[in-house]
Structures are given as structure tokens and as C-alpha cells.
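Hi everyone, thanks for coming.

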Amino acid sequence: MSNLSHLNLTKAQKNKLNSTRRFSVMEFLSEEIWTTASNLSLLISVKHDEYTRRLMDRMLEDGLILKREFTTTEGKRVIYLLSDIGYLELGYDVKPTYSFKISNQNF
């Protein structure tokens, strides 16, 4: 989709695109555990992290994802994880348990 083609979409088409992107984010997080806004921008094919962060904020408000902030030697880092509600939305009966560590190398 070109950078300006979203301007010509109907409201229904924009809603469908938004739903598709939200589902893609949730599926990705169910497999990868956590990620950054930059990685999610690549996933949903948008050029600006600002759009992705707004989308993540809406998903946070809906309870689908969680946001965690970490201070590292490189500065503040923000990651996103799938919430229990997000797992339920994807059809998981039980949230999988994962163990992971956050470090500068992860980013």
C-alpha cells in the first residue's frame, strides 16, 4: 500500500485494515513474546513508529497488550507483550508461560 493510499480508503476499509494490523500484532507477540514499536512498524508495514505507538496505545486501552519500560545503559526502552485478554482473543485457553530476560543485547 502506498504511503497516501490510505487516504482514499472508506471508513469500513480503514477499520478492516486496522483490525488486520491489530490481529497481526497479537499473533506476532504470541510467538515472539515481546517486541519494540520499531519492529512492529516493520511487521504492519508502516513507515513511522509514531503511528505504531498510537496503535499500541489503543490496544493497551483495550487490554490486549501490555507495555513495559526499562532503563538500560543505552537509555529508556519500551517493549510490548501480549496480555491475558490478548491471548484469549487469539483463542488460547491458558496463557503460555515464558521466561525471558531484557538486556542491551536484546534491543
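Let me start with a charged pair: the side chains of Glu50 and Arg54 meet in a salt bridge, at 3.3 Å from N to O. Do keep in mind that this is a predicted model. Both Glu50 and Arg54 sit in helix α3, four residues apart, which is about one turn of the helix. How open are they to the outside? Glu50 is exposed, with a relative accessible area of 55%, while Arg54 is partly exposed at 41%.

Some orientation before we go on. Of its 107 residues, 28% count as buried.

Back to the charges. Side chains of opposite charge can pair when their charged atoms come close. How many salt bridges does a search of the whole structure find? The count is three. Another of them joins the side chains of Arg22 and Asp62, at 2.6 Å from N to O. Arg22 lies in helix α1 and Asp62 in the loop between α3 and β2, so this pair ties together parts that are 40 residues apart in sequence. Arg22 counts as buried, because its relative accessibility is 16% and the cut-off for buried is under 20%. Asp62, at 43%, counts as partly exposed.

Then there is the salt bridge between the side chains of Glu69 and Lys76, at 3.9 Å from N to O. Glu69 is partly exposed, with a relative accessible area of 47%, and Lys76 counts as exposed at 56%. Hold on to Lys76, please; we will meet that residue again.

Now for a charged residue without such a partner. Arg21 has its place in helix α1, which covers residues 11–32. Arg21 is buried yet has no salt bridge. Which side chain of opposite charge is nearest to Arg21, and how far away is it? That is Asp49, 12 Å away. What the side chain of Arg21 does make is a polar contact with the side chain of Tyr51, at 3.1 Å.

Rolling a probe the size of a water molecule over the atoms shows where empty space is left. The second largest pocket here has a volume of about 180 Å³. Ten residues line that pocket, and the closest to its centre are Thr36, Arg53, Lys76, Arg77 and Val78. Helices α2 and α3 and strand β3 each supply at least two residues of the lining, and β3 gives the most, with four. By type, the lining divides into four nonpolar, two polar and four charged residues.

Last stop: the backbone. Most residues other than glycine have a negative phi. Which residues here have a positive phi although they are not glycine? Two to look at are Ile33, at about 75°, and Ser45, at about 60°. Ile33 is in the loop between α1 and β1, and Ser45 is in the loop between α2 and α3. Are they buried or exposed? Ile33 counts as buried, with 15% relative accessibility, whereas Ser45 counts as exposed, with 61%.

Terms used
Residues are numbered from 1 along each chain as its sequence is written. This is a predicted model: local features need pLDDT of at least 70, side-chain atom pairs count only at pLDDT 80 or more; totals for chains, interfaces and linings use all residues. Side-chain values use heavy atoms; hydrogens and water are left out. On a 1 Å grid over the protein atoms alone, a cavity is a set of points where a 1.4 Å probe fits but cannot get out, and a pocket is an open set with protein on both sides within 12 Å along at least five of seven lines; lining residues have an atom within 4 Å of a point. Grid points are joined across faces, edges and corners, and a volume is the space filled by probe spheres set on the points. Ala, Val, Leu, Ile, Met, Phe, Trp, Tyr, Cys and Pro count as nonpolar, Asp, Glu, Lys and Arg as charged, and the others, Gly among them, as polar. Buried means under 20% relative accessible area, exposed over 50%, partly exposed in between (1.4 Å probe, protein chains only). Lys and Arg count as positive and Asp and Glu as negative; His and the chain ends are not counted. A salt bridge is a side-chain nitrogen of Lys or Arg within 4 Å of a carboxyl oxygen of Asp or Glu. A polar contact is a pair of N or O atoms within 3.5 Å; within protein, one must be able to donate a hydrogen and the other to accept it, and residues adjacent in sequence count only if both atoms are side-chain atoms.
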